[in-house]
Structure formats: structure tokens, C-alpha cells
Amino acid sequence: MILTRENLINLILAVALLAIPLIANAAGQPFYITLATRVAILALAATGLNLALGVGGLVSFGHAAFFGIGGYVAGILASHSFSGEPVLFGLSGTNQMWIIWLVAMALAGFVGLAIGAISLRTSGVYFIMITLAFAQMVYYFAVSWPAYGGEDGLSILVRNQFPGVMTMVPMNFFLICYVILLVGIALFAVIRASRFGAALQAARQNEVRVATVGIQPYRIRLTGFVLSAMITGLAGALFADLNRFVSPSMLSWHMSGELIVLIILGGTGRLFGPLAGAALYVAFEYALGGITERWQFFLGLILLLVVLFARGGLVGLLAGKAKHG
Amino acid sequence: MLLQVENIATFYGSSQALFGVDFAMQEGEAVALMGRNGMGKSTTIKSICNLMPPHSGRIVFGGKPTDRQPPHKVARLGIGLVPEGRRCFPNLTVHENLVAAARPGQWTLERVNDLFPRLKERHAQMARSLSGGEQQMLAIGRALMTNPRLLILDEATEGLAPVIRQDIWSAIRRLKDEGLSILVVDKTLSELLPVADRCVILENGKSAWSGKPADLTTELQDRYLGV
């Protein structure tokens with residue numbers, strides 16, 4: 001890999017995210033480890049959305065649905081594992097993270113397929129509204145589902161397990177999330193550089209031109225949307241395990257908006273844009289949240305400045321213009 | 001027969017552009033589609049690719065009718081289009097433009113790079129930063145990467161510097177010599193006629209004349225192509 005300015009920034013971001021919890025751990029400050037874990041998970045969720053939004057140009061305002069589905073998969077499987085009652089068709093719950101991750105990705109991918117199959121027949125503002133409408137349907141379904149806590153949400157009494165790792169130790173759980181984030185980012189890079197990634201970007205640039213080279217834009221976009229949903233779903237499962245709690249707020253439109261904000265802050269379509277955005281967002285939430293309850297007002301100002309003066313987000317500001325636009 | 005265009009009529013909204021275009025192409029043949037501006041050449045090409053489906057008449061490619069097929073399926077039958085105006089994907093690199101279109105066959109990245117060595121030199125460059133001639137080479141390369149049975153070139157050399165035109169024409173001649181079927185629209189008769197096996201002239205959206213380039217007399221040229 002050539003050491004461009006962007007690659008250097010990416011490297012610094014990746015090392016910093018690892019270094020902060022290591023230092024916090026040495027200093028006996030577990031709170032900062034939890035903050036870094038939150039950054040890693042939100043960055044993974046936004047990396048998923050970045051595939052649809054940054055590469056495919058699909059402004060999905062419904063990715064909270066996939067994030068929440070991942071969360072509920074973790075919560076529901078864990079609660080059944082705890083109570084010993086079967087989930088469906090005699091299948092028991094589980095507290096094994098890797099099974100939860102696979103189920104979360106599969107279910108988020110399946111729901112992504114259904115939502116994408118319908119919403120990708122539209123474009124522009126209609127696409128945004130339809131994805132939002134679908135996510136709200138999932139949200140209200142969760143709110144009105146008393147079996148799993150309804151509006152109050154569902155607690156995960158003991159964090160789910162991973163073979164050979166004490167997941168209740170904050171540093172261990174951070175490392176799991178960190179590795180998954182890096183795998184997610186690597187997957188994003190591989191997809192973007194592949195023939196499929198080129199076709200997805202081409203479909204974004206000109207639908208008719210893509211059709212004349214024999215590519216069906218709809219199918220390419222649907223595949224991208226499903227992959228995007230799966231990554232965000234995986235992040236949702238981790239988020240539920242971080243908080244040991246899942247509630248309909250993970251499914252709300254605020255969450256969808258938050259993911260879009262993370263990407264815009266960090267740099268749309270940039271490999272490490274979601275991580276930069278998530279770090280900035282969580283840092284703001286922590287630093288300003290302690291001073292005022294209205295910290296989001298200041299975040300709004302920053303977002304405004306980014307949109308007006310730094311279209312490439314934080315990464316774009318530091319690394320210069322993107323190779324892809 | 002590779003392509004049969006049977007008496008097609010095509011409309012832009014409510015205004016009719018083609019009133020009965022009718023011609024056919026054999027495998028390996030190079031056909032020049034000619035006519036003055038606004039006579040329906042580009043519309044005919046769009047109809048063949050089903051970007052503007054004909055209202056009546058029929059188009060058969062490789063024995064299969066193309067009606068009711070979406071443009072991407074028509075392209076997959078083996079029609080490679082180099083659209084008018086050097087239309088690449090501007091925000092993709094040269095390499096990405098080529099691989100996005102790739103379908104298995106004898107045309108590979110290596111062969112395209114061999115045909116247009118300039119593209120190899122610029123493989124990591126964004127298409128929007130290429131010169132007009134290079135963008136045209138990329139558009140042809142992209143169409144070849146789909147491994148077409150028929151290559152359609154719509155005004156491939158328009159607005160290019162003479163030296164670049166020569167490169168493009170020599171590539172077209174090479175493709176023809178290799179046996180690729182080519183349907184070409186171009187205004188430079190001195191280059192077009194030696195390449196073409198046959199000419200089809202359109203006038204007012206209708207096929208007006210068809211024959212060998214040698215039979216296209218100055219009188220006919222004045223009548224159908226003069227301004």
C-alpha cells in the first residue's frame with residue numbers, strides 16, 4: 001500500500017483508537033475504555049451505512065432498523081439462553097457471541113433485502129422517505145412487543161460470551177469490537193476496490209450508462225444495500241452487548257440520522273471516515289455533554305461548518321480531495 | 001444475420017423521430033450509418049440498444065428480438081455501445097471504468113491496454129482528468145470489455161485533435177480486421193468509407209439508400225450528406 005496522506009491519517013486513527021483504552025486501562029480508568037468501545041461500534045455501524053451511502057450514493061434514512069435488529073437479536077437470544085425457553089420452533093437461545101453475530105447479520109441482511117427490494121425502485125427523496133418509513137415500522141413493532149420489554153427495552157443480565165475471552169472485562173470486549181471494526185473496514189476496502197464496487201459507484205454516477213455495459217443498476221444496488229445492512233446489524237449486536245441493554249431507541253429515526261451525521265462528519269465514502277466521525281461525535285458527546293444538556297446544538301454548528309466548508313469531512317479536511325467522488 | 005432492424009418507428013414523447021428505418025448486418029461486417037444532422041442516426045442507435053424502444057417495427061439481434069428487454073439485457077446479448085460525447089464514469093479511475101464493465105471473453109484488460117497503451121499509462125487516473133481523446137479511448141475500451149458481438153460507435157472521433165483521430169481510426173481498423181462487427185456513425189467520410197463494408201443512409205428518419213462505399217457517388221453524397 002502506498003503511504004499517502006490519507007493512509008497515514010487512517011493509520012493514526014487506528015492506532016489512536018487502540019492506544020486510548022490501553023492507556024486508560026493502565027491508568028485504571030475503565031470509563032474511557034467504554035467510550036472507545038462505543039466509538040468502535042458506532043464506527044462499524046457507520047461503515048456499513050458508508051457502503052450504501054458513500055459508495056452507492058444511497059441515502060438510507062432507515063439504517064437504525066438494521067442496527068436495532070442486530071441489538072434485539074443479541075438481547076432476545078441472550079434472554080432465552082438465560083431462561084432456557086426456546087426461541088422459535090424448539091430452537092434454544094444462546095449466549096455465544098459468534099452465533100449471535102451470524103444470526104444478527106443474517107436477519108439484518110434478510111430485512112435489508114425486503115426493504116431494499118421495494119425502496120430501491122425509487123430514488124432521491126422518495127428513497128429516503130421509504131427507508132425511513134420501513135425503519136419506523138420496525139420501531140413501532142418493537143415498541144408494541146411486550147414479550148421483549150416493549151417500550152422499556154430488554155436487559156442482557158450477563159454480557160454474552162466469546163470462547164476463551166472474559167467478555168465482562170472492558171478491555172477484552174473493546175479488543176473484540178476493535179478487531180471486528182478493522183475487519184469491517186478491510187471488507188469495505190475490498191468491496192470498494194472490487195469489480196462489484198466499481199459497478200456500484202458507476203451506477204451512482206450514471207444509471208443509463210451502466211445499463212449500456214450490461215449491468216443492472218437495481219441488482220447491484222440491492223446487493224450493496226444488503227451487505228451494508230449486514231455490517232450495521234453486526235454493529236447493533238455489539239452495541240447491545242456493550243450496554244447490556246437493548247431498547248426501541250436503537251431503532252428510532254434519531255439513530256439513522258446519527259449514523260448519517262457520523263459519516264458526514266468523518267468524510268462520506270472515505271475508508272476511515274466513519275471512525276473519524278464516530279470519534280468526533282463521542283468526544284463531543286462526552287466533553288460537551290458534561291457541560292450542557294444541549295450539546296447537540298454545538299454538534300449541529302460543527303455539522304453546518306463541515307457541510308459548508310469541508311465537504312470531505314474530517315478526513316477530507318486533513319487528507320485533501322477524495323480519489324472517489 | 002447478426003442484426004436486423006425491421007422498419008422501426010421511434011418517438012421522443014409525442015414527436016416522431018424515426019419513420020421506418022430498415023437495414024441488416026452480417027457477422028463481421030462494418031456498416032456506416034450515415035445522414036445529415038437530425039436524420040435519426042443516434043435515435044436508431046438508441047433504439048437498437050433499447051434506450052429508446054421503437055414504437056413499431058422490430059429489432060432482432062443474434063436471432064433474438066430485443067423488444068421488452070431492458071437495456072442491460074440488450075447489452076448482455078452482445079451489443080457494446082460507445083455513446084456520443086465520450087461518456088465515461090468521470091469519478092472512477094481508468095482501471096475501474098474498465099473492470100466495472102468486464103464480462104468474460106477474449107477482450108481482457110491486457111488486450112484493451114495493448115490496443116490503447118495510453119490507457120495503461122493512466123490506469124490509476126480519474127476518468128474526468130483525461131483528455132478528450134483518452135476519454136474516447138476509455139469509452140471504446142469499456143465497450144470492448146463487455147466482449148460484444150457488435151460494437152456501436154456513435155460519433156467516436158467528433159471534436160478530437162487530428163492526431164488522436166488517427167489513433168482512434170487505426171484502432172477501429174484493427175478491430176474490423178480482427179473480425180468484430182461494427183456499426184459506426186461518423187462525419188469524416190475520408191476515414192469512414194475505407195473502413196465500411198456497406199453504407200446505410202438515413203433521411204428524415206427513414207432508410208434512404210444502402211450500398212457499398214464504392215457505389216456512393218459524389219452525386220449521392222451531395223444529395224444525402226451535403227449541407
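Select B:Arg122 and B:Glu134 in this predicted model, and you will find that the two form a salt bridge, with their closest N and O atoms 2.8 Å apart. The pair links distant parts of the chain, twelve residues apart, for B:Arg122 lies in the loop between helix 5 (117-121) and helix 6 (132-145) of chain B, whereas B:Glu134 belongs to helix 6 of chain B. Is B:Glu134 buried or exposed? With a relative accessible area of 5%, B:Glu134 is buried because the value falls under 20%, while B:Arg122, at 26% relative accessibility, counts as partly exposed.

Stay in chain B and select B:Arg174 together with B:Glu178, which form a salt bridge whose closest N and O atoms are 3.6 Å apart. Here B:Arg174 is partly exposed, with a relative accessible area of 34%, and B:Glu178 is also partly exposed, with a value of 41%.

A:Arg221 counts as buried at 13% relative accessibility, whereas A:Glu207, at 44%, counts as partly exposed. Over all chains, the count comes to 16 salt bridges.

For the last stop, show both chains and look at where they meet: 24 residues of chain B are in contact with 20 residues of chain A. The area buried between chain B and chain A is about 1,900 Å², and carbon and sulfur atoms give 59% of this area. Select B:His72, B:Phe89 and B:Ala100, which in chain B lose the most area to chain A and together account for 27% of what that side buries. How many salt bridges cross the interface of chain B and chain A? The rule finds zero there, although it does find six residue pairs in polar contact across the interface. To see what chain B brings to this side, colour helix 2 (71-78), strand 6 (79-82) and helix 3 (94-101), each of which supplies at least two of the residues that touch chain A. By class, the side of chain B that touches chain A has 14 nonpolar, four polar and six charged residues.

Terms used
Residues are numbered from 1 along each chain as its sequence is written. Chains are lettered from A and ligands numbered from 1 in the order in which they are written. This is a predicted model: local features need pLDDT of at least 70, side-chain atom pairs count only at pLDDT 80 or more; totals for chains, interfaces and linings use all residues. Side-chain values use heavy atoms; hydrogens and water are left out. Contact means heavy atoms within 4.5 Å. Buried area is the accessible area (1.4 Å probe) that two parts lose on being put together, summed over both. A salt bridge is a side-chain nitrogen of Lys or Arg within 4 Å of a carboxyl oxygen of Asp or Glu. A polar contact is a pair of N or O atoms within 3.5 Å; within protein, one must be able to donate a hydrogen and the other to accept it, and residues adjacent in sequence count only if both atoms are side-chain atoms. Helices (H or I, at least four residues) and strands (E, at least two) are DSSP runs, numbered from the N terminus. Ala, Val, Leu, Ile, Met, Phe, Trp, Tyr, Cys and Pro count as nonpolar, Asp, Glu, Lys and Arg as charged, and the others, Gly among them, as polar. Buried means under 20% relative accessible area, exposed over 50%, partly exposed in between (1.4 Å probe, protein chains only).
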